[in-house]
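Please open the model in a viewer and keep a selection tool at hand. The stops below are meant to be followed in order.

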Amino acid sequence: KQSWDQINTLFDYFDAGLMSAGEFLSLFEGEVLASWVHTLHCATLEEKKKLDLTGIIKFYSVWKERLFGQQLSKKCTKSHLALRGDLMVCRQFFGGLELIRVLAESDRARHDRLIPPNPNDCNYRIALMHRSQVETPMQAQVKVASSHSQRRKTQDNNRVASFTEVVGDFARQHDISFYPKVGSNATKDGKKVFMFGNHPVYLDKNVLFTLRGATWQPISLEHLAQAC
């Protein structure tokens, strides 16, 4: 039986603000999911002999729901959203899904080429180092915001622009409409909702959130502009 004690502890620490997003995601990527996908791969090797995918599909689904949360559930935590929005974590799950797919299609040649890294070659420090070398959308957003704020500060006699003004300037420069939403759903947790093109957004400090499906998720200005 799967024990979730260590996973729950990591969730609790991150949700309580006791570790950074980089530390939290690196632990999952380097310590948890590296072993998980290796175990999944080993299971598919056994399943090739039995041609019974029920157990492995359940194993995959249980882990996906535990780490990502239920898509429409209101119980999704900060940890669920961080894992769901992380490229490297999603790659691990996509790789696992691909293993199941090629096995279901009896594509043994492709299955034999899908070999995950040895978990002994992956760990927290390696994952953290790789992440530090790759700029995230959130970091890119901070840089864009800082550069626009500096420009506004110079133009407006050293007055520092608010983040709302920065987003508005960015929208105008990219020919995208940006205006406060009116009527129902005009606020989110007490914060005013704006329309950035056809995307509802709200601003929390210097972070921009947009609605994806039923979930509000952080997004960079550049990525949001590309989506318009």
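Begin with the second largest pocket of this predicted model, which holds about 390 Å³ of space. Select Val37, Arg91, Gln92, Pro116 and Pro117: of the 23 residues that line the second largest pocket, these are the closest to its centre. Next, colour helix H2 (21–50), helix H5 (87–104) and helix H7 (124–133), each of which supplies at least two residues of that lining. Which helix gives the most to the lining of the second largest pocket? H5 does, with eight residues. Colouring the lining of the second largest pocket by residue class divides it into 12 nonpolar, six polar and five charged residues.

Now move to the largest nonpolar core, a set of 26 residues. Select Phe24, Phe28, Leu67, Leu83 and Phe93, the members that touch the most other members. The elements that give two or more residues to this core are helix H1 (5–15), H2, helix H3 (54–68), helix H4 (78–84) and H5. Among these, H2 gives the most, with eight residues.

Centre the view on Leu83 and display its surroundings. Apart from its neighbours within four places in sequence, Leu83 is in contact with Phe11, Phe24, Leu25, Phe28, Leu67, Phe68, Val89 and Cys90. For the next stop, select Val167, Phe178, Leu203 and Leu221, which are included in a second, separate core of 16 residues.

Two loops come next. Select Asp175, in the loop between helix H9 (163–173) and strand E1 (178–180). Phi of Asp175 is near 60 degrees, a positive value in a residue that is not glycine. Is Asp175 buried or exposed? Asp175 is exposed, its relative accessible area being 74%.

Continue to Asp189, placed in the loop between strand E2 (187–188) and strand E3 (191–196). Asp189 is likewise not a glycine, yet it has a positive phi of about 50 degrees. With a relative accessible area of 61%, Asp189 is exposed.

Finally, zoom out to the whole chain. Of the 228 residues in the chain, 39% are buried. Among the contacts in the chain with a separation of 6 or more, 52% are between residues 24 or more positions apart.

How values were computed:
Residues numbered from 1 in each chain as written. Predicted model: local features only at pLDDT ≥ 70, side-chain atom pairs only at ≥ 80, totals over all residues. Heavy atoms only, no water. 1 Å grid on protein atoms, 1.4 Å probe; cavity = no way out; pocket = protein on both sides within 12 Å on 5 of 7 lines; lining within 4 Å. Points joined across faces, edges and corners; volume = space filled by probe spheres on them. Helix = DSSP H or I, 4+ residues; strand = E, 2+ residues; numbered from the N terminus. Nonpolar A, V, L, I, M, F, W, Y, C, P; charged D, E, K, R; others polar. Buried < 20%, exposed > 50% of the residue type's maximum accessible area, 1.4 Å probe, protein only. Contact = heavy atoms within 4.5 Å. Core = buried A, V, L, I, M, F, W, Y, C linked by side-chain atoms within 4.5 Å.
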